[in-house]
Amino acid sequence: MDAPDQTNPSVTTRWESLTAGRSGRRYADRFAQLAAAGVDVHGEAAFCHGLVPAESRILDAGCGTGRVAIRLAELGHRCVGVDADPSMLEVARDRSAAVSWVLADLADLADLADLADLDNSVGANLAGLDAPSPFSRPERAAISPATDGPFDLIVAAGNVIALLAPGTEAAVLCGLARRLAPDGLLVAGFGLDAAHLPLPAAPFGLMDYDGWCTAAGLTLDQRFATWQGIPVGPDETDDDHPDHGNGGDGGDGGGERPADAPGYAVSVHRASA
Ligand SMILES: C[S@@+](CC[C@H](N)C(=O)[O-])C[C@H]1O[C@@H](n2cnc3c(N)ncnc32)[C@H](O)[C@@H]1O
């Protein structure tokens, strides 16, 4: 079999294969139900907030319905949310004008000099998604002083990296790394087995992820098993932990892994100073 093409952004994301790009409302409803049941759905935002100074520039990569970016904006940060699924971004846009929302494929970030121009180039950058950008330039310009970065922190929560198009992970991580400020942080949380993913098996492991980050010029800073900062370790096997970040997209399988291996990881990588 041929090696995956790490440069072609125009392939279908795993998320799109799962949802056909129509799950925005359903996804938001699921988190609303969790919140109503008393589950903390803001663990990712709280975790990121704890890593950066006030009023940081934050990119929510694969922002979905805006759960993380909206909370971070409420906490005082200047946030941009990027997602390729119009149904998800439509919900985000309805929910908050405090974040700058950008419809784009993360695989294209490396090539785009100016995110603020994305509403002009969105057709070219979203092969296969024929919805026009719902975001007008004046609206975005009015709400975001930090659309292009560089970003103090980029967060990819909710299995985003595991749900990219197969073979584009290295290119996406390169693009994200280029958007980071010196010493900036890339924070990503994703499942390591089927129990923590909406997939039959993990598409890659932490060694692959760390390798892509290293190739992108990033260094591993910290790693946890949950967004509440529980260390990765033999005791971390609680698949039902509400704050793994899989409330809306976790799988129900029971993938094979050693009994003492964590099923989820939150990784913090740092750009050079
Ligand atoms: C499970 S949702 C997580 C949404 C959000 N981060 C959260 O935690 O609630 C995964 C998201 O990743 C997005 N995604 C996957 N691949 C992408 C890509 N190449 N470019 C932009 N967004 C992508 C999907 O469109 C989807 O909204």
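Mentor: Let's start with helix 4, whose buried residues are Arg67, Val68, Ala69, Ile70, Leu72 and Ala73. Buried here means under 20% relative accessible area, against over 50% for exposed and partly exposed in between, with a 1.4 Å probe and protein chains only. Helices (H or I, at least four residues) and strands (E, at least two) are DSSP runs, numbered from the N terminus. Keep in mind that this is a predicted model, where local features need pLDDT of at least 70 and side-chain atom pairs count only at pLDDT 80 or more, while totals for chains, interfaces and linings use all residues. Residues are numbered from 1 along each chain as its sequence is written, and side-chain values use heavy atoms, leaving out hydrogens and water.

Back to the helix, which spans residues 67–74: since 6 of its 8 residues are buried, helix 4 is largely enclosed by the rest of the structure. Just past it, Gly76 has a positive phi of about 105°.

Arg67 takes us to the ligand. Of the 20 residues around the ligand (within 4 Å, heavy atoms), Arg67 is one of those that come nearest, along with Gly62, Asp83, Asp105 and Leu106. Now for the polar contacts, that is, N or O pairs within 3.5 Å. The side chain of Asp83 has an N or O atom 2.5 Å from an oxygen atom of the ligand. On the backbone side, an N or O atom of Leu106 is 2.8 Å from a ligand nitrogen, and one of Ala157 is 3.0 Å from a ligand nitrogen. On its own the ligand has 600 Å² of accessible area (Shrake-Rupley, 1.4 Å probe), and the protein covers 99% of that. As for the shell's make-up, count 11 nonpolar, 4 polar and 5 charged residues, with Gly counted as polar.

The C-alpha atoms of Ser100 and Arg78 are 8.7 Å apart, although the two are 22 residues apart in sequence.

Further along the order, strand 5 (residues 180–191) is mostly covered, with 10 of its 12 residues buried. Strand 5 runs parallel to strand 4 (residues 151–156), joined by 5 bridges, with Leu153 bridging to Leu185. Toward strand 7 (residues 264–270), strand 5 is antiparallel and makes 7 bridges; there, Val187 faces Val268.

Note on methods: A polar contact is a pair of N or O atoms within 3.5 Å; within protein, one must be able to donate a hydrogen and the other to accept it, and residues adjacent in sequence count only if both atoms are side-chain atoms. Two strands pair if DSSP finds at least two bridges between them.
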